[in-house]
Amino acid sequence: GFYSCPKLAPDLAKYLRDLRSQLATTDTNLTVSFDSNCDSTEVWEGGVVDILKEVDIFLPNESEAQGISREQDLEAAVNKLATMVREAVVMTCGGDGSLLQTREGAEAGNRPRRGKV
């Protein structure tokens with residue numbers, strides 16, 4: 001995961017921007033999905049917000065969504081993250097299923113049974 005590879009963090013956002021720029025002159029489409037995995041330090045930084053700006057689909061679980069967004073309420077967390085990505089956030093909620101929130105505000109999936117984790 002992202003937090004397990006700290007040497008990747010400083011250049012990943014720039015790499016994704018450059019790749020999009022290069023592909024913009026071709027007929028090639030690019031979709032970037034990103035799963036951060038857990039930050040064992042629980043700091044939830046390392047440039048992840050800059051990377052999310054270049055990500056189409058972000059795939060956090062509940063604790064990752066809360067940590068990165070700095071929101072304890074799950075709906076607030078997924079809504080905030082959806083404003084940071086290009087397309088959508090799909091938050092996995094264990095046995096409760098998942099929640100999809102698009103940048104435009106469309107949502108789908110199961111609502112988590114618990115508002116805070």
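Which residue in β5 is the bridge partner of Leu100?

Guide: The bridge partner of Leu100 in β5 is Ala108. Before going further, please keep in mind that this is a predicted model, in which local features need pLDDT of at least 70 and side-chain atom pairs count only at pLDDT 80 or more, while totals for chains, interfaces and linings use all residues. Residues are numbered from 1 along each chain as its sequence is written, and side-chain values use heavy atoms, with hydrogens and water left out.

Strands here are DSSP runs of E with at least two residues, and helices are runs of H or I with at least four residues, both numbered from the N terminus. Two strands pair if DSSP finds at least two bridges between them. By that rule β4 is joined to strand β5 (residues 107-109) by 3 bridges, and the two run antiparallel. In the hairpin of β4 and β5, 4 residues lie between the strands, and Gly105 takes a positive phi near 105°.

Strand β4 (residues 98-102) is also joined to strand β3 (residues 88-92), here by 5 bridges and again in an antiparallel arrangement. Within this pairing, Val89 stands opposite Gln101 in β4. The hairpin of β3 and β4 has 5 residues between the strands, and in it Gly94 takes a positive phi near 55°. As a general point, the side chains in a regular strand alternate between the two faces of the sheet.

Cys93 is accordingly in no disulfide, and the nearest cysteine sulfur, that of Cys38, is 16 Å away. With a relative accessible area of 0%, Cys93 is buried, a term that means under 20% relative accessible area, whereas exposed means over 50% and partly exposed lies in between (1.4 Å probe, protein chains only). Cys5, by contrast, counts as partly exposed at 36% relative accessibility. The sulfur of Cys5 is 14 Å from the closest cysteine sulfur, in Cys38, and this is too far for a bond.

Note on methods
A disulfide is a pair of cysteine sulfur atoms within 2.5 Å.
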